[in-house]
Amino acid sequence: MTQLFNWFRRGALERGLDRELQYHFDRRVADLTAAGIPEPEAHRRVTAELGLTQVREEVRDVWLTRWFRDFVYDLRFSARSFLRSPGFTAATLLSLALGIGATTAIYSLVDQVILHALPVRDPARLVLVDWKGDQAVGGFGSWNIMSYPMCRDLQQQTRFFDGVLCRAEIQVNLSAGGDPKPVAAEIVSGSYFSVLGIGPALGRVIEEADDAAPGAGPVIVLSHDFWRAEFGGAADIVGRKLLINQHPMTVVGVAPAAFHGVDVGAVPDFWIPASMYAEAFPGAEDAKDLLRRPTRWMQILARLRPDLTPAQAQVDLQPWFKSWLQDNMHRPGFPMITADRRRDYLASTLDLTSAPQGHSSLRRRLSQPLWVLFAATGVLLGLACLNVAGLFLARGSARGREIGTRLALGASRGRIGRQLLADSILLAMAGGILGVAVAPLAIRALLAFLPQDLAASALRATLSFPLLAFAFLVSFAAGLLSGLAPALHAGGGSLVSSLRERAGTGFGSIRLRKCIVTLQVSFSLILVIVAALFVRTLTGLLAKGPGFETTGILSFAIAPVQSGYSLAEAARLVRRLHEEVRALPGTRDSATARWAFLTGGSWNNAMTIQADRRIVTDDVNLNAVSPGFFSTLGIRILAGRDFDARDSRPPGEVGRRSAIVNEAFVKRYLAGRDSLGLHIGQGSGPDAKPDVVIVGVCADFNYRGLRDNSAQAFFPMFEGDDAGATFYVKVRGAPEQAIPSIRRLVRQADPRLPILWFRTLDDQVNRSLTTECLLAALSASFGALALLLSLIGLYGVMSFVVTRRTREIGIRLALGATGASAIRLVLRDAVTMIAVGMAIALPCVAVLGRLVQSQLFGVTATDPATVAAAALVLAAGALGAAFIPAWRASNVNPTDALRLE
Amino acid sequence: MPSPRFPIPQGTLDMLILQILSLEPAHGYGIAQRLEQISRSVVQVNQGSLYPALHRLEQKGWLRAEWKQSETGREAKFYSLTPAGRRQLTIEKESWARLSGAINLIFEEGSR
């Protein structure tokens, strides 16, 4: 540190030292002349005595160690020599900036989504509690969902935990005076903030007392961002009343700015205690008595005691869990289950996994694609380094005489090697700075692939300190990597021969350069194949489609129960809107479903089929749809009929009487036999009542996402249990044009009811393919870049070869060889490099392919056609790049070539 | 010109400088003269080697330097001891005493 400081004030230091030494000198001379020595003699003697030059050097060594000074001089020398060859500098800088920029951008997402520890007290001690085995009870939510009573019981296990919290992400309607609007929130146990060690920025946080009994805590804590954005950071926010799903709740505090909840993919606008579940999930039939029933809906995170590891605690916890499983079966709401399931249930275990990053379904979805892309950028960066190494070797050849001369003048080989290393490190650092400068743009482009609501709230395109540290390390490593080969090369080689050689040919570095190009070919083939696989996956999915019509269809959703409606009122409203939308002049056809399709989620339950015997299914994807749903979306009814008036219960009666199942359901559970007229019912236990008759079979289509082929069953809508609805409106003309008139309809029905979203079905399909789009677009651009880099490398080395062999080729031509044979001579080299490169790449693809297989669709990682096509593209490009120098060789004029000597 | 005086043992120059400056602040030439007086007939100090040592001690924070008017009226760089330097001097004195004591003991042992 002092050294760096000294470097910047070295001018002042030098001047001070000069004055100091001058003083000494003058005093000494004065003393000597006073003692009678003549002045010239005194001058001479003092000069010898002091040894000024050496003293200066020694003092400079005190200020800055020799190593540091030399290094700085090296860097200055490098910078000057780079400025003299701008073409070379631009080419290398661009290669490195691309490699480092891409790696940094992807790393920023990896860091934010996967690696970043929560900004809470001692995040390393947080563990996620997860159930392994059959939980037997139903639930709702994303992953790792557990019951609230389980969290309470775990809190008693103070031998293992310093605290246990549970939480779930929810969407509610919030109104703060104006119109209600849907916002994201986190519903949490009273222990949430204390376990995480998060205090309030204003007011107080949610405490145990707020979560003591159902309805005990009508309070919320706002997130800092929401407080700022929605309330302008009002200082008097604490104590204000807001309407959450039309229930008044009091703001008691604001969370710190850095804290965004425990899920990086779901940033809440506020927190609400679990005791307010009834207000948070109005009208949901599976959300009753959540504080006592074993319904699964929350993730459990615990703070482990400092002396325990997750593995230890997990083992020691099992005996308690065994007896807990028994107790749990006597809770209210625990379902009746068959003996088989009971055995599975009792064999369950608890899993504790370290969770310093919290829980995130986004991480679950994106972590593998992100690692794949990160690996791809790593390969790309490697390629860029190889390119730079190749360019350096070429430059080293050109500088052979300079280096030879320096060696002859007494520079050590280590010193020259260090100079070359300084060259490459300086260049890599400059490339790194460029890369970091473009990284935010690249990150923003990356985020454009993710759904907007998520990208806006959870992920940021800012440069953080870890990111900068990462970019610095990467640049440094790139500099070392790309400078190492040339530096080692300068260390070897005979001095005499290098001096004797002609300028322009220089060191015999050709073999090393060929190795580099071969590696480049194999790296880029790997990237091109990966890109081809992902592009085929995406185009395959798009070509297949969801199995229903998407063009010209607009969808929108409402959730009346969140605006204070009862179930019956909500059902009436949905029915009324359904009829009014159908009557709109621009509507060709319209239908509704209770849950939206292609959002990734679904309503699931196991079903019991009453055939010749009782058949219990696995989880089936369920939905309720209006009559005409199948024809609106162009889904064929294969047998039986669509829902109609016959399926409605008489007024006042609630429940369903008929169902339509899909082809996959019939194939999987009924072995394809005629299923019309069979009875099915929800649930898997002995208490399940198969009282719903199958009236139709529909063609398969995708429910959750484009990859699924699940068994599905549909019930009719408008049976008095519709909490909300998604409308699918087939429109004349552009779908967006219908939005204003629909908005007007909803406003007329209830001015305070928010529309959750408007989306065309085409857009919905694209949203469901974000991961695939991300992978395809990025891997394709990485593949193209890689191809470009390696072709440049190949072209460079072949040109070099031709230059070196100009004389030889000239002689051959003079002796009667044809131009074609000269081309062959040069291309043979290129073909060898390409072939060896491919031979290296293919086994790598076979190994790597297994890692990406789960991301693919309709194609295996070693798909011969894809691999062959990629290899063909590479080979064609590479031969093209090699052909230009080869052709030049065939046109060598023998006389010119011989005159070169 | 061969000198009858022997060169100063390695590492003791720093200690001597600290000792001289513990009496009063001085500039480089002054320290050189003081060294000369103290050790006139015994040790030989290369005048030049004084300056690297002074800058090293200053960088370590044991010395403080400031430009002041010297006795001849010209500005000179005066060095003085910092509290850290004073502590360092005590430490070095002690360890020197221990070392020379130990060596004396060995010699006495040998001459007996």
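**Close-up views of a predicted model**

**View 1. Strand 1 of chain A between its pairing partners.** A:Leu128 lies opposite A:Thr353, a residue of strand 11 of chain A. The model shown is predicted. Strand 1 and strand 11 (residues 349-354) of chain A run antiparallel and are joined by six bridges. Strand 1 (residues 126-132) of chain A also pairs with strand 10 (residues 296-304) of chain A. That pairing is antiparallel too, with four bridges. Here A:Leu126 faces A:Arg303 of strand 10.

**View 2. Domains of chain A.** The assignment lists domain 1 (2-64), domain 2 (66-116 + 364-508) and domain 3 (123-356). It also lists domain 4 (509-525 + 765-901) and domain 5 (553-732).

**View 3. Domain 2 against domain 4 in chain A.** The contact involves 32 residues of domain 2 and 33 residues of domain 4. On the domain 2 side, helix 6 (86-115), helix 13 (361-398) and helix 17 (465-491) of chain A each give at least two residues. Helix 13 provides the largest share, 21 residues. This side of domain 2 holds 20 nonpolar, eleven polar and one charged residues.

**View 4. Chain B against chain A.** Twelve residues of chain B and 16 residues of chain A make up the contact. On the chain B side, helix 2 (28-38), helix 3 (50-60) and strand 5 (75-81) each contribute at least two residues. Helix 3 of chain B has the largest share, with five residues. By class, the chain B side counts four nonpolar, five polar and three charged residues.

Notes:
Residues numbered from 1 in each chain as written. Chains lettered and ligands numbered in written order. Predicted model: local features only at pLDDT ≥ 70, side-chain atom pairs only at ≥ 80, totals over all residues. Pairing = 2+ DSSP bridges. Domains from an automatic or database assignment. Contact = placed C-beta atoms within 7 Å. Nonpolar A, V, L, I, M, F, W, Y, C, P; charged D, E, K, R; others polar.
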